[in-house]
Amino acid sequence: HHHHHHNHNHNHNHNHNNCTKKWRLFFTRIYYLFQLQEAFAKGLLKPGMNILVNEPKKHVNNVEGLKHCLANFRKGLPWVERLDVTNPPAADVVAQAEGKLPTADNRDVNADDDFQREMFFYRQAQATVLEALPLLNKAGVATKRPEDYFAEMAKSDQQMQKIRKKLIAKQTILEKSEKAKKLREQRKFGKKVQIEVIQKRQKEKRAMMTAVKKYQKGMTDKLDFLEGDQKTAQGSSQANKKALNKKGPNAKRKYKDQKFGFGGKKSGKKWNTKESHNDVSSFRAKVAHGKGGPGGKKGKGGKHNKRPGKSVRKKMKSRS
Amino acid sequence: MSTFKRKRGGKAPGDNKAKKARFIGNASSAPEDEQEKKNEISVPAPVSKGKWTNKERVLIFSSRGINFRTRHLMQDLRTMMPHSKADTKMDRKDKLFVINEVCEIKNCNKCLFFEAKKKQDLYMWISNSPHGPSAKFLVQNIHTLAELKMTGNCLKGSRPLLSFDPKFDKEPHYALLKELFIQTFSTPHYHPKSQPFVDHVFTFTIADNRIWFRNYQIIEEDASLVEIGPRFVLNLIKIFQGSFVGPTLYENPFFLSPNMHRRQIRLATAARLREKQIVKELQSIKKSEAKDDVVRDVTADVFRTPAEEKPVHIETEPPEPKAVKKNKHKAFKRQRMQMARK
């Protein structure tokens, strides 16, 4: 028995060195049980349910140790080696302009507001740069890369090309959507104007018809409505019409009218219009005044036809 | 990483193509420069020549089971820090103090070790190798250099400016972390792989009890910046006195382990569901309860208007027929209008 007990002790010691969490828990629980037993024996525990309340977990904060460690660890390097700057963020120009300036004391940035947080970091970096550049110049460290200095960059040229392409793509998409929006607006506006004009015309027509009917039925014997309409028509609708006629019919409409309007294009334009009336290009003076005929005219003998007769003309036509 | 041994103060064999520059301002090489200017050949700058005194080397490596994002983050850190060295993945079976031996073999005095657990959580150890302090962080919100939204670029191996929040000076544990970051992340002056220009800045900020890391490129002297990346968030877990071993100096009370976090979320959703169920049960109980009869109608006198009662008149005889007025001698409308006009 005794021997066995010894063995157990030996094992116990070994276990303690490589104690896993499970074993530790087990041992603490046994320890607590033992304590409970002791307390009960002493009469400290009251009868009834005694719930074990975990004391709040204490977090290690060995301030002395930290300071000591820092003192040992710190290397007294000159600033040029470290290049570190500690500073609060630079003044937020945008927020000041908008008047949304947070109190100077409240330096805590809300980590959930993405934009504000990133702007906070950005301004901190800016303040550092503004502070450090003069120090660097003093220390003789260059900050500006000369134009002919070609060296390997952290991101390859390929990567930068990808980035550029993406930015350009974003830009074009934005522009396209803007254009599409504007076009839609324009179309809507054009449609609105069209509807208004149609309604106005209908109203006028209605008014005119009622006025005419009234006259017909003899309720009024003044013919004011005719002139009245003209006056108003001339006055107001001119402006409107001009505005409309500027756009005029669509180019498409125009083309279709030209091609198919009035029964389609004739093979030639044989219309008696002002242009065709004024067109005297087909006037042959010789033929018209009969100059230079075969040896001149025989006085006023026969009726020298400047224009051959119908049958001759027909023959000529069929020949050519 | 190149494996040839670099001579102290001499030019590395590959460098002739990498750097073509006229180096400004190094007094010791001034006579050579003049000759070269005459010949118009650009010669690489002899950067170190015995000036490199701050022998800081960082070992960056990871354990097994990391995912692509972590791997890229490590590569990016190696790109950003020319004074870093790489090593193969460490088996997780080995204890952490083996890392100290690895560092010694590689002749490094700082170490950044990435450990991935459950293929989800990434922990980062940063330590000063032989004796110094070490810290363990949980890394979150990793964005690598390759992200297309980070449009900045910098020279590979250029020295960074380090920017710290003033909160780092207020607490002793933050002060220790600040010193650790400074020594690890700042590239030594005249390091042979470094570039002589300072064109980017690392920022470390404390927000929400975490440390936020950002990397910006300095475009103009008036401090206009563009982000280069990478970016990540460090959540401090513990600070140890030794390197990967030793007594705990500081434990972060705000740290919630990712397992606990996930557990909390699960419990929250479970609690919400249970609450809904309870409410439903209550409602069904209410419905099935015996209800008292309503005696009085609450809406009875809503439409009651305070008017006096009229006497009820009952008609015994039918009413008289109304006289029809039809004026047949009215003039026609037309005539009427004419007459009205006249």
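1. R82(A) is partly exposed, with a relative accessible area of 22% in this predicted model. Its side chain pairs with D84(A) in a salt bridge, where the closest N and O atoms lie 3.0 Å apart. D84(A) has a relative accessibility of 10%. Since buried means under 20%, D84(A) counts as buried, whereas R82(A) counts as partly exposed.

2. Leaving aside neighbours within four places in sequence, K178(B) is in contact with D84(A) and T86(A) of chain A, and with F164(B), F168(B) and D169(B) of chain B. K178(B) sits in helix α5 of chain B, residues 172-185. At 11% relative accessibility this lysine counts as buried.

3. Which residue meets the side chain of K178(B) in a salt bridge? The partner is D169(B), with an N to O distance of 3.2 Å. D169(B) is partly exposed at 48% relative accessibility, whereas K178(B) is buried at 11%. In general, side chains of opposite charge can pair when their charged atoms come close.

4. A further salt bridge in chain B joins D208(B) and R210(B), with the closest N and O atoms 3.1 Å apart. Both ends are partly exposed: D208(B) has a relative accessibility of 44%, and R210(B) has 24%. Elsewhere, D114(A), R117(A) and E118(A) of chain A are joined with R214(B), E227(B) and R231(B) of chain B into one network by salt bridges that share partners. Over all chains, the structure holds 16 salt bridges.

5. N209(B) deserves a look at its backbone. This residue is not a glycine, yet its phi is positive, near 60 degrees. N209(B) is placed in the loop between β7 and β8 (210-218) of chain B. Its relative accessibility is 32%, and N209(B) therefore counts as partly exposed.

6. Y190(B) is another non-glycine residue with a positive phi, here about 65 degrees. The loop that holds Y190(B) runs between α5 and β7 (195-207) of chain B. Y190(B) is partly exposed, with a relative accessible area of 26%.

7. Where in chain B does P230(B) lie? P230(B) is in the loop between β9 (225-227) and β10 (231-240). The peptide bond leading from G229(B) to P230(B) is cis, and its omega is near -5 degrees.

8. On the surface, a patch of positive charge gathers K213(A), K214(A) and K217(A) from chain A with K330(B), K333(B), R334(B) and R336(B) from chain B. The elements that give two or more residues to the positive patch are α7 (157-217) of chain A and α7 (333-341) of chain B. K214(A) is placed in helix α7 of chain A. With a relative accessible area of 42%, K214(A) is partly exposed. Patch membership requires over 30% relative accessible area and no salt bridge, and the 42% of K214(A) is over that cut-off.

9. A nonpolar patch on the surface is formed by W23(A), F26(A) and I30(A), which together have about 310 Å² of accessible area. F26(A) is placed in helix α2 of chain A, residues 21-42. Is F26(A) buried or partly exposed? F26(A) counts as partly exposed, with 42% relative accessibility.

10. As for the overall make-up of chain A, this chain has 12 helices and 1 strand. Along the sequence, the elements follow the pattern α-α-α-α-β-α-α-α-α-α-α-α-α. Chain A has 320 residues, of which 14% count as buried. When contacts in chain A between residues at least 6 apart in sequence are taken, 42% of them join residues at least 24 apart.

Key. Residues numbered from 1 in each chain as written. Chains lettered and ligands numbered in written order. Predicted model: local features only at pLDDT ≥ 70, side-chain atom pairs only at ≥ 80, totals over all residues. Heavy atoms only, no water. Patch = residues over 30% accessible without salt bridge, like charges linked within 9 Å, V, L, I, M, F, W, Y side chains within 5 Å. Areas by Shrake-Rupley, 256 points an atom, 1.4 Å probe, with all protein chains shown as cover. Salt bridge = Lys/Arg side-chain N within 4 Å of Asp/Glu carboxyl O. Lys, Arg positive; Asp, Glu negative; His and termini not counted. Charge placed at Lys NZ, Arg CZ, Asp CG, Glu CD. Helix = DSSP H or I, 4+ residues; strand = E, 2+ residues; numbered from the N terminus. Buried < 20%, exposed > 50% of the residue type's maximum accessible area, 1.4 Å probe, protein only. Contact = heavy atoms within 4.5 Å.
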